[in-house]
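Hi there,

Here is the structure I promised to pass on to you. Have a look at it first, and then read my notes on the spaces inside it.

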Amino acid sequence: MIIREEYLSKLKELKDKNIIKIVTGIRRCGKSTLLFQFKDWLIDQGVTESQIIFVNFEDLEYEDLTDYRKLYAYIKERLHKGVKTYVFLDEIQNVDEFPKVLDSLQLHSDVDLYVTGSNAYMLSSEIATVISGRYIQIEMLPLSFKEYCTAKGGVENTASKYLDYLSSSSFPYVLELDANPNIVRDYLESIYNTIVIKDIMNRKQVSDSMMLQSVLRFIFDNIGNPLSTKKIADTMTSDGRKIDSKTIEKYLTALKESYIIYQSKRYDVKGKQYLKTLEKYYVVDIGLRYMLLGKRSMDAGHILENVVYLELLRRNYDVYVGKVDAFEVDFVAQNPDGNHYYQVALTVRDEDVLAREIRPLQMIHDDYPKVILTLDDDPTRDIEGIKIMNARDWLLESDT
């Protein structure tokens, strides 16, 4: 079992802080395992088993506790007085009116509360109002390339491991399936079907399964391309699948809330303003994309861009598509320290390609880092302060 150190360290830092810790992310990305790893760490620190309450709402043993009143009563009668009780509520979205439980438990100074959920809707404005200012969200993703390599024995043969990482999926449990492509495909199909049927169709009352899946296929097939709801609706309608922009917007919201796709909005670098048109979308796992579209849709450049986008999220950046006059920067990654600018290309060995990729970065006149990531197996170099390096090497670093 791989230890998710990045996320585990965040929980350790937040231990005993009077705030609700909410871990969110797509199904099967490792949220439950993370809680168990943190629970084991607590016990190593001297916390007793009786001080820990762990409820997994996908376990039939706790089905009665999906009633929020019963859940609160169950937890309250097991609380310790004068010593911390660590409460873990896994897949909390299965509990009706769960914010009432969280709000009430937070009133107890001796409760340290940890929650997971597979739907962003659980933090919608209505729900967040109930627990406003009393929670911190940790967004979890499937395995990074660095974690995958570590689990596979180390950072040797990274070119081969990169291809395996894409095709076999970044979901942690796939490591247990011995790279059997048929079993992996069945596993990914089960994740996909659960998200589409349970998390979206049932919860969002979407009646047209085929249209929803058509929209998802369209997004999967157009990762890294500038899109708008109108453009998607017009393209699908012209292909014989009539749909309007409002329905597209509804479906996209549901898909984002289930964490199967991510949206990157545009940012005008010179004007320092966020733009509202032509967003880009990325998929949470390339293995899911292969499962749905087949490997005919390799599109290696956009796939690398997708991998880089997710890594920037892991590194706690807010990620935007950059606009510099009429040119585009693939990613403007923002954090409290400022901006990082990234271009992503399969290769820049051709001088014309290098000139095209480097030009938008040269037009940005600030001192923040500027990087071009490629799959060229060449030494890292620097042109006018712009670093050009191998993307796999960058993925194995802590941050750049």
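A quick definition to begin: helices (H or I, at least four residues) and strands (E, at least two) are DSSP runs, numbered from the N terminus. Please keep in mind that this is a predicted model, in which local features need pLDDT of at least 70, side-chain atom pairs count only at pLDDT 80 or more, and totals for chains, interfaces and linings use all residues. Residues are numbered from 1 along each chain as its sequence is written, and side-chain values use heavy atoms, with hydrogens and water left out.

On a 1 Å grid over the protein atoms alone, a pocket is an open set of points with protein on both sides within 12 Å along at least five of seven lines, a cavity is a set where a 1.4 Å probe fits but cannot get out, and lining residues have an atom within 4 Å of a point. Points are joined across faces, edges and corners, and a volume is the space filled by probe spheres set on them.

The largest pocket has a volume of about 740 Å³. Its lining has 25 residues, and Glu139, Tyr262, Tyr309, Leu313 and Asp318 lie nearest its centre. Strand S6 (261–268) gives the largest share of this lining, four residues.

The second largest pocket has a volume of about 450 Å³. Of its 21 lining residues, Arg28, Gly30, Thr33, Pro172 and Tyr173 lie nearest the centre. Which helix gives the most to this lining? That is helix H2 (residues 31–44), with four residues.

There are also two cavities of 30 Å³ or more. The largest cavity holds about 90 Å³ of space, and residues such as Tyr165, Ser170, Asp285 and Arg314 are among those that line it. Helix H13 (300–314) supplies the largest share of that lining, four residues. The second largest cavity has a volume of about 70 Å³, and its lining includes Val348, Thr374 and Asp376. Here strand S13 (residues 386–390) provides the largest share, three residues.

Enjoy exploring!
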